[in-house]
Amino acid sequence: MLCAISGEAPQVPVASAKSGNVFEKRLIEAYISEHGKDPVTNEDLSTDDLVELKASRTVRPRPPTLTSIPSLLSVFQNEWDALALETHTLRQHLTQTRQELSRALYEHDAAVRVITRLSRERDEARQALSRINVNGAPASNGDTMEVDGQELPGNLVAKVEAVQEKLSKTRRKRAVPEDWATTDVISNFTPTQKSKPLYTGARTISVDASGDLALVGGSDGTAGIFSISQNNLVQELPVGSPVTEALWAGSKAIVGTSSGIVKAFENGVEVSSFSGHAGAVTALALHPSGDILASVGVDKSYIFYDLTSSAQALQIFTDSALNTAQFHPDGHLFAAGGADGQIKLYEMKSGANAANFDATGPLKAVEFSENGIWVAAAVKGSTSVSIWDLRKASQIKVLETGGQVTSVRWDYTGQYLATAGPTGVAVQQYSKSSKEWSEPLRSAVPAVSVDWGSSAQSLVSLDGEGVITVLGSA
């Protein structure tokens, strides 16, 4: 028989009536007095539960004094007993710690596997979302997400067709208005007016048809209407989120926000609000009819809105985030500049992808010329503007501006292309007679956005501090 605590033959063996384990009597009594439990099964145990076992043994002599060898042996025995008890306790704690560590490692491994699986499912869901439309239809043009059978409502289709028929017949025969700015006038543009800082973090400016009211917005969640003639902010529009884009739709002020909301204001009152985007709105565009609005966003979708009924008409998802947008001057095509470096052209009536032009990087600005066959495009961080021909589906000209380009604007006649960036504002001109490009203006006024004034007699620029500068004839 061996003691369950010391592992040696007991001198006075006793057994537990509950577990049947054999112990050295002095060891188990000491353990019970301290813990009150069986050291092996951890059950409650008292000295009454111990049964002494009869075994033949040599009777030990009475304990002598510590000066004798037997007394020293007794002391050594007591020390050994205490060591045996402590060792057993440490073994128990070690076993318990091993069990806890094993369980913790198992739970950690299981958690890692679950996180990995969920991450993979998330990535697959995101990829699937970028490849299918909201109705679950497969893509119809490579990886691009198109909506099978989803089209504009009939009333908007009729409006698009009517506008296309009207404008395509008259656009190329349209004469340059008599009061339109000439090359000499534009070449003499100088800063004639400068406002105080309006909004920090301003990114866009839009001048209305009268040429007097400029719509701007900032990162503080407020948009404003600035009177150029009064050189003063005449009205503020509470938007609630940082303004990312703004434009005029007749008398309506339209703003897009970083929260994905598009709001329309008229006479300072909010008349409609749309929240179709699942991320920031990056650009707005107005159809030539004036009744259809488009927005694009980082959620890889573009949305058409019916401004007459204040309703969302169509949403189509693409294969990349969209940074900029513009309608064709005839109104039958819609262009969007993607973060993937593609200029994507879509048919208005069906939303189908008509063509893609590959640029050199993420698009910053896309603008149709009034001649209907050219598209000007600027890539983020680039110092040049590329001109694309829709008929040839190819790049025909690269215009070097001398500084980073953040905004481009064609004038109504299609002669002048204004560019803006941190280093200044410039105007590029195309001459039909000589079929050559020239640069009548390059100004050092920094700007993040630029727009033409009435009859191209001025340029209205906006910098990042919200300062509006008017360039015109002195």
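Predicted model: local features only at pLDDT ≥ 70, side-chain atom pairs only at ≥ 80, totals over all residues.

Trainee: What makes Tyr302, Phe304, Phe327, Phe334 and Tyr346 a cluster?

Mentor: Rings pair if their centres lie within 6.5 Å. Such pairs link these five names into a cluster. The structure holds 15 aromatic pairs.

Trainee: Why is the pair of phenylalanine 357 and tryptophan 388 called stacked?

Mentor: The ring centres are 5.3 Å apart, within the 6.5 Å limit, so the rings pair. The planes meet at 5°, which is under 30 degrees, so the pair is stacked.

Trainee: What parts does the pair of phenylalanine 357 and tryptophan 388 tie together?

Mentor: Phenylalanine 357 lies in strand 20 and tryptophan 388 in strand 23, so the pair ties together parts 31 residues apart in sequence. Both residues are buried.

Trainee: Why is the pair of tryptophan 374 and tyrosine 430 called edge-to-face?

Mentor: The centres are 4.7 Å apart, again within 6.5 Å. The planes stand at 80°, over the 60 degrees required, so the pair is edge-to-face. Tryptophan 374 is in strand 22 and tyrosine 430 in strand 27, 56 residues apart. Both are buried.

Trainee: How do you know that phenylalanine 226 is buried?

Mentor: Buried means under 20% relative accessible area. Phenylalanine 226 has 1% relative accessibility, so it counts as buried. It is found in strand 7. Leaving aside neighbours within four places in sequence, its contacts include Leu198, Leu213, Leu233 and Ile468.

Trainee: Which residues of the largest nonpolar core touch the most other members?

Mentor: Leu152, Val296, Tyr302, Phe304, Phe327, Phe334 and Met348, out of 20 residues. Elements that give two or more residues to this core include helix 3, strand 15 and strand 18. Apart from it lies another core, of 17 residues, with Phe189 and Leu441 among them.

Trainee: What does phenylalanine 304 touch?

Mentor: Beyond four places in sequence, its contacts include Leu152, Phe327, Phe334 and Met348.

Trainee: How do you know that strand 15 and strand 16 pair?

Mentor: Pairing needs at least two bridges. Six bridges join strand 15 to strand 16, so the two strands pair. They run antiparallel.

Trainee: What makes strand 13 and strand 16 edge strands?

Mentor: The open sheet has the order 13-14-15-16, with antiparallel pairing. Strand 13 and strand 16 each pair on one side only. The twist averages 20° from one strand to the next.

Methods
Residues numbered from 1 in each chain as written. Heavy atoms only, no water. Core = buried A, V, L, I, M, F, W, Y, C linked by side-chain atoms within 4.5 Å. Buried < 20%, exposed > 50% of the residue type's maximum accessible area, 1.4 Å probe, protein only. Helix = DSSP H or I, 4+ residues; strand = E, 2+ residues; numbered from the N terminus. Contact = heavy atoms within 4.5 Å. Axes fitted to C-alpha atoms, helices over the stretch in contact; angles between N-to-C directions. Phe/Tyr/Trp six-rings, centres within 6.5 Å; stacked < 30°, edge-to-face > 60°.
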